[in-house]
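Visitor: I am new to this structure. Please take me through a single part of it, up close.

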Amino acid sequence: MSTLFRRRSLAAYVYGHVLNSHKVHTSTAPLLQETGLYGFNHLKTPKGFQRFVEDAIERSNELVTFISGMPSAPEIIGAMDEISDTVCSVIDSAELCRATHPDREFVEEASEASLRINEYIHHLNTNHCLYMAVVKAEQDSHLLNEEAQRVAHHLRLDLEKAGIHLPSEQLDRANQLNMEIVQLCREFNENIINDPGHMDIFPASHIPKKLHHLARPIYRTTSGAFGGSAWSMTNMKEKGFRLPTDPNTLSSILQWVSDAEIRKTAYIQGNSAPLGNLGVLDKLIAARHEFAQIMGHSSYADLAVHSSMASSPDIVLSFLLEMSEIVRPRADEEFKTIWNFKREKSGQLYGDLEPWDETYFTAIMKSAVYDLDSSVVASFFPLSQCLEGLKVLAESLFGVTFHHIPLAPGESWHPDVIKVALHHPDEGDLGYLYLDLKSRKNKHPVCAHFAIKGGRRLSETDYQLPIVALVCNFLGSKPASLLNHWEVETLFHEFGHALHSLLSRTDYQHFSGTRVVIDFAETPSNLFQYYAWDFRILKTFARHYSTGDVIPEDLVKSIRGAKDMFSGTELQRQIFYALIDQKLFGEEASSIRDTASIVAELKRQHTSWKHVDGTHWHTRFGHLASYGAGYYSYLYAKCFAATIWQKICEEDPLSLAAGSAIRHKFLQHGGAKDPGDILNDLAGKGILNSRYGGIVPDITSLSHEMELKN
């Protein structure tokens, strides 16, 4: 949903003081004074969130009064941006606290603060005085610089999307629906966390030892023991395991358990929870559809996509269907390969290939072809060395270094958290980054980048530096907190988001960093994933945790080869997810009553795999709440990133020339320039195409990378 004062924390993964001392500049500042969470004095205690909200509302109301007096266009835009900065700091801090804080009282107060400030935002978005002032500022655009003109234009559009133009009765209903949608999204995501499902397995010997740490021992009473000269029945305790079927645990079960019946049970249970989200999703679809129609749009997808690069659901669907058709031959071929392998392995020439077979058999095939052992791979990726990799990237590409910043008393939410500044030798500190990457009890299983403060120009000489948090949930196998390679890729993905915020230099917070249209936001993160796969980068930091040996090039080739083995299947899966998202929030949303049937039909049409009756995987697909009708943006980003990598980075990925182009033509602009102009300026022709008034990515580079025929 697009609103005037919107938050763009990406939603799309360090522990201890792990930065090496010889490469970190530690401040010698005197003893720091006590502060609150994230440096906000109000947040010294949980109840401080109440005052945080009250002060934000008080300051915003002062600015509303000032704007209502119709000052000059630059003053209107500046005051509007300060309101945005004020309320976004509360929202972003509350959401970060809800996801990471170990103290339940802090989490509860943050949740209440989030709801209160969202209610106030809806009030702001329907304030006619603000709207008239923004209209005036846009009309007086000759008094504004180019970025301010863009802010004025987007503020007007965003206010109109919030319903400012509606008659009072419709506006009241729109506001009611807005709050309902916020609460339904929260309920949907909380259900995913609180109801992951579980399965009980007897006997315990059916579960490989490497999964025991994920399970809880349980016991049941059995009968049957031989005694004396006759059979007698006595009660016995049999040990088993209760395993949750959250996505991470389910993936481990499907990969490591050889018993097909156990895998089947896990697959069905894991993809049938949370049951309550079937009803929540129905309500969310209905509320979004009604809201969109009040706004004058045919569907929620039409409303959500209207201001994006794609501009319409029809263009999105045309892109997705084109991608589906191109990848189908490759995915079908991979499906047959897995099926034949299963037949050979099991000796059953006529058995079907089931959805719960995919992870198990593809893991075996990858290991067999590339002689991969996940524990061997992880041994080269201790978390401390992975952070060295981020430092190598930042310094090589942008000439910046990490400075360790001591945390003031009360600033941190957990002992694991560290704080660094991104520092340029000529420009000084560019922004601040909190790192909280380790999994722990009651921490939301999120991998995300949170923008606590967006950058904005305060005067000709003063700039408000961005403050962001990079949050992940790495289990970190012992010793040395070793990461799986997919976790390394996740870390680099989220670092791409963080760099977008830290290196952006917009005049207005409204366009800072990741505050961009939805189908542009994932491009930096997808681009930086490439750095996690390139030996030229990996050899600079990936070292064995005990010997210090550099990761062998042959091992990196094997990791990449294993990744590519079934890349068509994975791309097909992402297209399927995006199609679900478009379908559920499309024009037929008003008549949707059985989302499971819709998902089943899309799976039959657009994947090589069968649907299992009774399952409803989509009820744990959190992006339906957070990205409603926008999940296609990951595929847009995948295509854009492939082109940027091949044209700008691939030849010399750590060059200052590549970094300068990425920073100055791309990251520094945030949302202050048209995304199409940014992409064309960076990569030239061949990165995007115009289609029926909207923009779709050029798929040539991705097709070349994946050896697809298009």
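Visitor: Is strand 10 (residues 467–474) mostly covered or mostly uncovered, and how many of its residues are buried?

Guide: First, some ground rules. This is a predicted model: local features need pLDDT of at least 70, side-chain atom pairs count only at pLDDT 80 or more, and totals for chains, interfaces and linings use all residues. Residues are numbered from 1 along each chain as its sequence is written, and side-chain values use heavy atoms, leaving out hydrogens and water.

Strand 10 is mostly covered, with eight of its eight residues buried. Buried means under 20% relative accessible area, with a 1.4 Å probe and protein chains only. Strands are DSSP runs of E, at least two residues, numbered from the N terminus.

Look at both faces. On one side, Ile467, Ala469, Val471 and Asn473 are buried. On the other, Val468, Leu470, Cys472 and Phe474 are buried too.

Now the neighbours. Two strands pair if DSSP finds at least two bridges between them. Strand 6 (residues 428–438) pairs with strand 10 in the parallel sense, over six bridges. Here Tyr432 has Ile467 as its bridge partner. Strand 7 (residues 448–453) runs antiparallel to strand 10, joined by five bridges. There Lys453 stands opposite Ile467.

Finally, Cys472. Its relative accessible area is 0%, so Cys472 is buried. A disulfide is a covalent bond between the sulfur atoms of two cysteines. The rule used here asks for a pair of cysteine sulfur atoms within 2.5 Å. The closest cysteine sulfur to that of Cys472 is in Cys447, 4.6 Å away, so it is too far for a bond. By this rule, the disulfide count is zero.

Methods
Buried < 20%, exposed > 50% of the residue type's maximum accessible area, 1.4 Å probe, protein only. Helix = DSSP H or I, 4+ residues; strand = E, 2+ residues; numbered from the N terminus.
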